[in-house]
Amino acid sequence: MNYLTKKFQWLVVLLTVASLFLSACGSDEEDDDALEEDAATTIDVPQAYVFDSRFMEGESSVAYSGQVVRNLLLQDLKALTDSVGKDGARSVAVSDMLKLYEYDDALNLKTSTTTGALPASESHYSALSTGKNLVGKISDEPVIGYNRTADDLVREWFKGIADNSQDSDKLGTSMAYTTDDGVDMSQMVNKVLIGAVPYYQATGVYLGGLLERDNSEGKDGKAYTAMEHAWDEAFGYFGAARDYSRYSDEQLAGKVDDFTFDSNGDGSIDFKSEYNFGLSRNAGKRDKGGSGVDFTQQIFNAFLAGRTAITNQGSVAEISAHRQAAAEGMEKVIAATVVHYINDTLSDMSQLGTAEENRANLNKHWAEMKGYTVALQYNPFRLITDGQLAELHGIMGEAPIYDEPGSNSYKTQVANYERAKAVMQAAYGFSNTNMANW
């Protein structure tokens, strides 16, 4: 091989290396461009529950109108079952309650829920969302302590309320919705349904099945992915306004003008974004009455951070952590509410046989305690065990007890309820102060 041939070969080698180097530089620049593009589409956690679509420019990716309708139906059903105990009450039939429980769009009904000083943007259920009712989303899991489904129990209570309301001696009093042994059926219907519909759907269905849902493309041509939509539906069942953090605990625990706000300034209240429903208000009540707890922000921050992670296509571990925080926060709100009503029940029992005796209050608070205890079972991520729930139901029994204060049976019952509080504290780690003061 002569000198010129060797020189030519080295030149080829040098040109090849240079070409590879330039190609590598170009690849780095393309990678940088891709990283910059990814960074541009990654969002920070917002202050309100507002998320733009990744697929349709200018469109929101948030939708949970069906959950809003079910929260309305639940509130309106409670108003109806309560109504038979008020002055000037009219009797109700089972069919009246079923119109809300099994709502059909053909009825074209309006909600009876009011929005305070400002009107509602839309009051017809079917204008908010079509094809929605309560019965279609209720859990079919047997209720611990009853060995019957929530649907079976609710229908039985509907019949009890309807029958009682036909009795002129009971109509217009609390006995119109109370069994002969003291069970407030209006409260039982409401609290059991809170557990078996919104709480169950939020935790057991939408958060429970979240990770199996697609997060790469728009669902059926929509502005959101299946995973984004499932997360939104869980948030919808929690029932908070989109700008939930603007509300103080006092406002959430207050009256309708306190827990609604015309955020967009259009002169009306939008149930889909400017109204706070049941569980979201209970969170504020427990924060207000508690010490060292902030359930409202724990839950809202978890929903905001989790939705942001889904939008940013975050890791399974990241999304799962926010899911756990949201589910756990809602569970603790219900658990703290059980403690609250154990305390109320104990207080009512201590007044039996005195001038302050009020059996209607005792019946009401016992049913709220019992109904929310039923509700606790519907969360697959729950901290409380089946065994602990069974023990609680065994302690609470199937109806309130009216033992005379100071009697041995009364003392036994008080000790049993203190045991129930110990079970709750063991499950949730609530402070001694909150156990006493909620």
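This section describes the pockets, helix packing, salt bridges and backbone features of one structure. The model is predicted.

The largest pocket holds about 800 Å³ of space. Its lining comprises 36 residues. Q75, K78, N190, R281 and K285 lie nearest the pocket centre. Six elements are named as giving two or more residues to this lining: helix 2, helix 6, helix 7 (226-238), helix 9 (278-289), helix 11 and helix 12. Helix 2 supplies the largest share, with eight residues. By class, the pocket lining divides into 14 nonpolar, 12 polar and 10 charged residues.

The structure holds one cavity of 30 Å³ or more. The largest cavity has a volume of about 50 Å³. Its lining is made of 13 residues. Y64, V68, G239, A240 and F271 are those nearest the cavity centre. Eight of the lining residues are nonpolar, three are polar and two are charged.

Beyond its neighbours within four places in sequence, N71 is in contact with P198, G236, Y237, G239 and F277. One of these contacts, G239, is also among the residues nearest the centre of the largest cavity. N71 and Q187 stand 116 residues apart along the chain. Their C-alpha atoms are separated by 16 Å.

Helix 5 spans residues 150-165 and has 16 residues. It reaches 22 Å from its first C-alpha to its last. This is close to the 22 Å expected at 1.5 Å a residue. Buried positions in helix 5 are A150, D151, L153, V154, W157, F158, G160, I161, A162, N164 and S165. The cover over these buried residues includes helix 2 (65-83), helix 3 (94-101) and helix 6 (185-207). Helix 2 and helix 6 also contribute to the lining of the largest pocket.

A search of the whole structure finds 16 salt bridges. One of them joins the side chains of E328 and K332, at 3.5 Å from N to O. Both residues lie in helix 11 (residues 316-350). They are four residues apart, about one turn of the helix. K332 is buried, with a relative accessible area of 17%.

Another salt bridge links E368 and K364. Here the closest N and O atoms are 2.9 Å apart. Both partners belong to helix 12 (residues 359-375). This pair, too, is four residues apart, about one turn of the helix. E368 counts as buried at 4% relative accessibility, whereas K364 counts as partly exposed at 28%. Elsewhere, salt bridges that share partners join R54, E228, D232 and R307 into one network.

R359 forms a salt bridge with E357. The closest N and O atoms of this pair are 3.1 Å apart. Both partners are partly exposed: R359 has a relative accessible area of 40%, and E357 stands at 34% relative accessibility.

Two loop residues have positive phi values. N108 has phi near 50°, a positive value in a residue other than glycine. N108 is found in the loop between helix 3 and helix 4 (125-128). It counts as partly exposed, at 46% relative accessibility. N147 likewise is not a glycine, yet has a positive phi of about 55°. N147 lies in the loop between helix 4 and helix 5. At 67% relative accessibility, N147 counts as exposed.

Definitions and conventions
Residues are numbered from 1 along each chain as its sequence is written. This is a predicted model: local features need pLDDT of at least 70, side-chain atom pairs count only at pLDDT 80 or more; totals for chains, interfaces and linings use all residues. Side-chain values use heavy atoms; hydrogens and water are left out. On a 1 Å grid over the protein atoms alone, a cavity is a set of points where a 1.4 Å probe fits but cannot get out, and a pocket is an open set with protein on both sides within 12 Å along at least five of seven lines; lining residues have an atom within 4 Å of a point. Grid points are joined across faces, edges and corners, and a volume is the space filled by probe spheres set on the points. Ala, Val, Leu, Ile, Met, Phe, Trp, Tyr, Cys and Pro count as nonpolar, Asp, Glu, Lys and Arg as charged, and the others, Gly among them, as polar. The expected span of a helix is 1.5 Å times one less than its number of residues. Buried means under 20% relative accessible area, exposed over 50%, partly exposed in between (1.4 Å probe, protein chains only). Contact means heavy atoms within 4.5 Å. A salt bridge is a side-chain nitrogen of Lys or Arg within 4 Å of a carboxyl oxygen of Asp or Glu.
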